[in-house]
Amino acid sequence: MKRERQETVVATETEDEKGKGRMEAEEDGGVDELLAALGYKIRSTDMADVAQKLEQLEMAMGSSAAANDDALLSHLASDAVHYNPSDLSTWVDTILSEFNAPSPPLPPPPLSPAPLQHHFDLPPAGTEQNSTITTVDVPSGPRCQADAYHLDPLHVPAVAGRIVYGSDTQSEVSPPSRDRKRMKLCSSPPSSSSTTDAATSPAALPVVVVDTQESGIRLVHALMACAEAVQQDNLKAADALVKQITVLATSQGGAMRKVAGYFAEALARRLYRPQPARNLGRSTLDFAAFDDMLHQYFYESCPYLKFAHFTANQAILEAFAGCRRVHVVDFGMREGLQWPALLQALALRPGGPPSFRLTGIGPPQPDHSDALQEVGWKLAQFADTIRVDFRYRGFVAASLADLEPYMLLGPDASDRDSEEEPEAVAVNSVFELHRLLARQGALEKVLGTIRAMRPRIVTVVEQEANHNGETFLERFTEALHYYSTMFDSLEGGVSAASDAAVGGGRRDQAMSEVYLGRQICNVVACEGADRTERHEALAQWRVRMGRAGFEPVPIGSNAFKQASMLLALFAGGDGYRVEEKDGSLTLGWHTRPLITTSAWRIASAAC
Amino acid sequence: MLTREEGEEEQEEEEEAKGRRRAFSINDNVDLLAEILGRLDGRSLAVAGCVCRLWNALGRRDSVWEAVCHRHVAGGGSSAAGGGCSTRSVVAALGGYRRLYRLCIGPALDRLAGSAGGRGSTTTTAAAAAAHHLSLSLSLSLFSIDCYERLGGRQQPPASLLFLCKPVDVS
């Protein structure tokens with residue numbers, strides 16, 4: 001109530017200021033971005049009001065200092081600062097906490113321009129009786145200004161009737177620190193007054209690095225706001241926000257900075273390259289080779305892929321119990337790192353090893369080198385040393401949907417069909433199925449192909465996140481949370497393992513981050529057929545597999561034990577958690593599940 | 001075992017006292033020595049290999065390291081003779097128990113003991129606690145991946161076991 005009265009008082013008083021206020025409002029275009037870099041989202045509708053109120057305050061503050069009056073007023077008139085009131089309080093809080101800790105209270109910090117300092121020694125409000133300020137004209141004027149700005153720490157006794165200037169008021173720590181904060185706020189416009197060089201000015205601003213948590217929250221808000229702007233096709237706002245994100249990200253450390261960096265880059269790509277960026281899709285051949293290398297680093301530095309391989313292998317091993325002829329189809333062959341362990345386990349199983357056939361599927365290579373064949377040769381060599389009967393076949397396919405069942409079952413099957421028992425088939429897919437969701441009907445076709453092979457077991461490892469939501473904002477939010485957790489786990493795991501190993505560990509971590517950064521780019525910047533990183537959560541995969549005629553096979557406790565043991569071996573591994581959920585195993589970081597291994601077989605009662 | 005050794009030492013002293021007509025040294029009975037050394041932990045066995053040429057040769061015997069491995073991991077020693085044979089041949093094909101210990105089991109045990117904190121005061125208790133968590137099958141899986149990586153002449157050194165390695169302090 002009181003505030004309303006005060007505001008009406010303000011309104012009537014500033015009638016004559018409206019002309020100036022309007023003028024300032026027109027200058028807003030240039031100032032907007034700069035303040036956006038400071039973290040204030042200015043809405044143009046608010047700006048005129050804020051300008052008026054601020055003018056009033058500054059006039060009141062400067063009105064009694066006769067000597068500098070004109071300079072101050074003219075200065076302020078042309079370089080008014082516009083605040084978003086709601087943001088200001090939080091900014092003030094953080095500055096307070098920042099500056100209350102070290103305590104150089106009395107002398108005002110040497111900020112340009114000098115004439116302003118004197119006036120900004122005046123504490124806008126103070127908790128002490130002897131350092132309150134009020135205007136001469138309107139007893140409650142500044143108070144209402146403070147209210148309008150929602151400055152919580154300024155618990156000013158409503159009317160004190162005194163004006164205090166200069167350093168003789170500086171008896172307490174807190175008011176001066178508020179001064180300093182206020183000084184910083186107000187001194188920023190002079191250095192950035194009418195320039196439109198948004199890029200350079202933020203660097204020149206005496207921006208205070210506030211405590212990380214606060215700016216971290218602001219960073220997340222900025223990311224969300226940018227995503228919203230993109231969804232609403234508000235490109236100008238999105239552009240400004242991207243720049244803001246980049247600046248804010250530098251104040252963070254570690255995982256958050258990197259995640260924010262990748263998301264900002266992805267958003268920038270989305271804004272500036274509306275054409276589907278071909279080099280982000282899997283179709284480009286150069287991408288494939290680099291991707292393999294990154295995949296290798298990702299394998300080495302963190303447990304996700306190892307977890308995937310070990311749990312899938314255990315499920316396949318159990319499914320192959322008692323079979324003399326086995327056939328494994330791997331949808332993503334790469335370096336074949338999953339298979340030595342399975343071969344060794346089969347060699348050591350009671351009853352001896354079966355005869356093992358492996359079909360590896362991979363993307364076309366840029367230099368036409370036969371990477372698949374090389375991998376097959378290496379595996380054959382390995383199988384030879386441990387004396388397991390091994391046959392290999394590689395398939396180059398740009399997309400899994402290009403495969404047909406007859407290709408995979410192949411001539412080998414028909415040779416021995418009549419003589420020996422039919423081979424037991426296992427299909428393995430590690431982070432491959434979600435790519436099929438980019439094209440309509442592709443997944444159904446592949447699942448049909450799998451069914452046609454009548455496998456004993458299908459092992460599927462996928463990310464436990466929904467990055468395939470209907471709206472961009474949904475996907476963005478999910479991806480932000482997911483990749484923040486992933487990057488956190490990289491920080492925690494790798495840094496603990498290799499404190500002194502500067503070369504190897506850091507490089508692995510950096511490359512793993514690039515690997516994840518590519519996924520981020522794909523999720524955020526691509527659309528349509530190019531957006532191949534369409535991760536979906538286990539619940540959604542259950543529905544899809546159920547529709548295709550598969551039923552879940554519970555993964556046994558052996559796999560759980562082995563996975564737990566494996567994670568115990570990773571330094572910094574206490575953050576990792578293995579959980580069992582309805583027969584599937586999930587690996588997560590602290591409370592957030594990140595990847596899930598599930599096993600399937602053809603539903604016995606085909607409805 | 002120790003009492004037998006002590007007994008032999010006494011006997012040795014006796015016999016020395018008898019004028020050194022017949023001296024017995026543990027080094028005379030290599031199999032016995034191998035049996036004894038096979039009960040050490042990995043680090044001690046490696047140290048024992050620095051004593052003399054004979055002990056060094058014994059320290060390279062895979063059977064000694066096989067005993068060490070089985071002693072320190074769960075699920076190793078309990079396998080039946082038939083299973084043990086096939087395991088031995090597979091491990092031999094992959095590079096042997098000594099290599100298995102050096103590359104996988106040793107670092108893994110160190111890692112587990114380290115992460116167990118200041119629990120066990122002596123290394124043996126810590127190692128025993130660690131062995132509870134490590135299984136032979138897991139170590140063999142990791143070992144096989146490493147062996148696979150070394151095939152075919154890679155340009156980069158195999159790195160699948162890097163996550164187990166502690167940084168080497170060369171200060």
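In this predicted model, the buried residues of helix 21 of chain A are covered by elements that include helix 18 (442–452), strand 5 (457–463), strand 6 (550–553), strand 8 (584–589) and strand 9 (592–602) of chain A. Helix 21 spans residues 538–547, and its buried residues are Leu538(A), Trp541(A) and Met545(A). Viewed down the axis of helix 21, these buried residues fall within an arc of 55 degrees, so they line one face of the helix. The spacing follows a general rule. An α-helix has 3.6 residues a turn, so residues three or four places apart point the same way. On the other side of helix 21 of chain A, Ala539(A) and Arg547(A) are exposed. After helix 21 of chain A comes Gly549(A), which has a positive phi, near 95 degrees.

The setting of this helix is chain A as a whole. Chain A contains 22 helices and nine strands. Of its 607 residues, 56% are buried. Among the contacts in chain A with a separation of 6 or more, 80% are between residues 24 or more positions apart.

Over all chains, the structure holds 21 salt bridges. One of them joins the side chains of Lys258(A) and Glu491(A), at 2.7 Å from N to O. Lys258(A) belongs to helix 12 (residues 254–272) of chain A and Glu491(A) to helix 19 (residues 472–497) of chain A, so this pair ties together parts that are 233 residues apart in sequence. Lys258(A) counts as partly exposed, at 23% relative accessibility, and Glu491(A) also counts as partly exposed, at 22%.

Another salt bridge is formed by Glu423(A) and Arg357(A), whose closest N and O atoms are 2.8 Å apart. Glu423(A) lies in the loop between helix 17 (405–416) and strand 4 (424–430) of chain A, while Arg357(A) lies in strand 2 (residues 355–362) of chain A, so the pair ties together parts that are 66 residues apart in sequence. What of the burial of these two residues? Glu423(A) has 15% relative accessibility and therefore counts as buried. Arg357(A) is buried as well, with a relative accessible area of 2%.

Asp110(B) lies in helix 7 (residues 97–115) of chain B and Arg43(B) in helix 3 (residues 42–48) of chain B, so the bridge ties together parts that are 67 residues apart in sequence. Asp110(B) counts as partly exposed, at 32% relative accessibility, whereas Arg43(B) counts as exposed, at 58%. Salt bridges can also form a network, and in chain A one such network links Arg270(A), Arg475(A), Glu527(A) and Arg531(A).

The two chains also meet each other. In this interface, 33 residues of chain A are in contact with 32 residues of chain B. The size of an interface is often given as the accessible area lost when the parts come together. Chain A and chain B bury about 2,800 Å² between them, and 70% of that area is on carbon and sulfur atoms. Between chain A and chain B there are zero salt bridges, and three residue pairs are in polar contact, with both residues at pLDDT 80 or more. On the side of chain A that touches chain B, the elements that give two or more residues are helix 13 (285–301), helix 14 (303–319), helix 15 (339–347), helix 16 (371–385) and helix 22 (557–568) of chain A. Helix 16 of chain A gives the most, with seven residues. The residues on this side of chain A divide into 21 nonpolar, six polar and six charged.

Ser135(B) shows one point of contact between the chains in detail. Ser135(B) is found in the loop between helix 8 (123–133) and helix 9 (136–150) of chain B. With 12% relative accessibility, Ser135(B) counts as buried. Which residues is Ser135(B) in contact with, leaving aside its neighbours within four places in sequence? These contacts are Met565(A), Val73(B) and Ala74(B). Within chain B, a polar contact of 3.1 Å joins the side chains of Ser135(B) and Ser137(B). A polar atom of the Ser135(B) side chain also lies 3.2 Å from the backbone nitrogen of Leu138(B).

Terms used:
Residues numbered from 1 in each chain as written. Chains lettered and ligands numbered in written order. Heavy atoms only, no water. Contact = heavy atoms within 4.5 Å. Buried area = accessible area lost by both parts, 1.4 Å probe. Salt bridge = Lys/Arg side-chain N within 4 Å of Asp/Glu carboxyl O. Polar contact = N/O pair within 3.5 Å; in protein donor to acceptor, adjacent residues only side chain to side chain. Helix = DSSP H or I, 4+ residues; strand = E, 2+ residues; numbered from the N terminus. Nonpolar A, V, L, I, M, F, W, Y, C, P; charged D, E, K, R; others polar. Buried < 20%, exposed > 50% of the residue type's maximum accessible area, 1.4 Å probe, protein only. Arc of directions from axis to C-beta.
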